[in-house]
Amino acid sequence: MYRTNFKIGDIVYLFMSDERMVGFKTKVVAKDCDRTDNSYWQIHPNMHFVYKLELVKEYKGNKLTEDELTKHGFNGGRSIQHPIKNNEELIKYIDDVFDEE
């Protein structure tokens with residue numbers, strides 16, 4: 001939560017690293033929420049609060065793979081660990097694909 005600056009109502013697309021594709025469209029519905037997964041992860045004391053995301057839509061097609069996203073400005077690699085806010089071409093492409101469904 002402390003590496004991003006989302007606001008309530010922001011749309012967040014989730015890149016699934018195992019499948020190497022965007023798989024979910026979510027919306028920020030709350031912030032400063034207590035983490036409830038302490039039994040699964042070792043939580044750094046400064047990372048105790050998280051955003052709560054609500055699922056808007058799941059995508060199962062092949063237009064949002066890493067290869068396809070790269071054609072629209074996705075840089076892959078370590079860039080997936082940080083929110084992409086200013087790449088208008090990429091965000092428009094992802095929006096359009098989700099709107100097709």
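Start by selecting Asp-96, which counts as partly exposed at 33% relative accessibility. Keep in mind as you click around that this is a predicted model.

**Stop 1: along helix 2**

Lys-92 forms a salt bridge with Asp-96, and the closest N and O atoms are 2.8 Å apart. Both sit in helix 2, 4 residues apart, so about one helical turn separates them.

**Stop 2**

How do the rings of Tyr-13 and Phe-98 sit together? They make a tilted aromatic pair, with 5.2 Å from centre to centre and 35° between the planes. Tyr-13 and Phe-98 are both buried.

**Stop 3: the hairpin**

For a landmark, select Leu-14, which stands opposite Phe-24 in strand 2. The two strands form a hairpin with 4 residues between them. Click on Arg-20 in that turn and you'll find a positive phi of about 60°.

**Stop 4: from the turn to helix 1**

Leave Arg-20 selected and show its side chain. Which side chain meets Arg-20 in a salt bridge? Glu-66 does, at 2.9 Å, N to O. Arg-20 lies in the loop between strand 1 and strand 2 while Glu-66 belongs to helix 1 (residues 66-70), so this pair ties together parts that are 46 residues apart in sequence.

**Stop 5: Lys-60 and Glu-58**

Next, select Lys-60 and Glu-58, whose side chains meet in a salt bridge (3.6 Å, N to O). Lys-60 counts as exposed at 69% relative accessibility, and Glu-58 as partly exposed at 38%. In total, the structure holds 5 salt bridges.

**Stop 6: one more pair of rings**

Back to aromatics: the count comes to 4 aromatic pairs. One of them is Phe-6 with Tyr-51, where the ring centres are 5.4 Å apart and the planes stand at 65°, over the 60 degrees cut-off, so the pair is edge-to-face. Phe-6 comes from the segment before strand 1 and Tyr-51 from strand 3 (residues 49-58), 45 residues apart. Phe-6 is buried, with a relative accessible area of 18%, and Tyr-51 is buried too, at 16%.

Conventions
Residues numbered from 1 in each chain as written. Predicted model: local features only at pLDDT ≥ 70, side-chain atom pairs only at ≥ 80, totals over all residues. Heavy atoms only, no water. Pairing = 2+ DSSP bridges. Phe/Tyr/Trp six-rings, centres within 6.5 Å; stacked < 30°, edge-to-face > 60°. Buried < 20%, exposed > 50% of the residue type's maximum accessible area, 1.4 Å probe, protein only. Salt bridge = Lys/Arg side-chain N within 4 Å of Asp/Glu carboxyl O.
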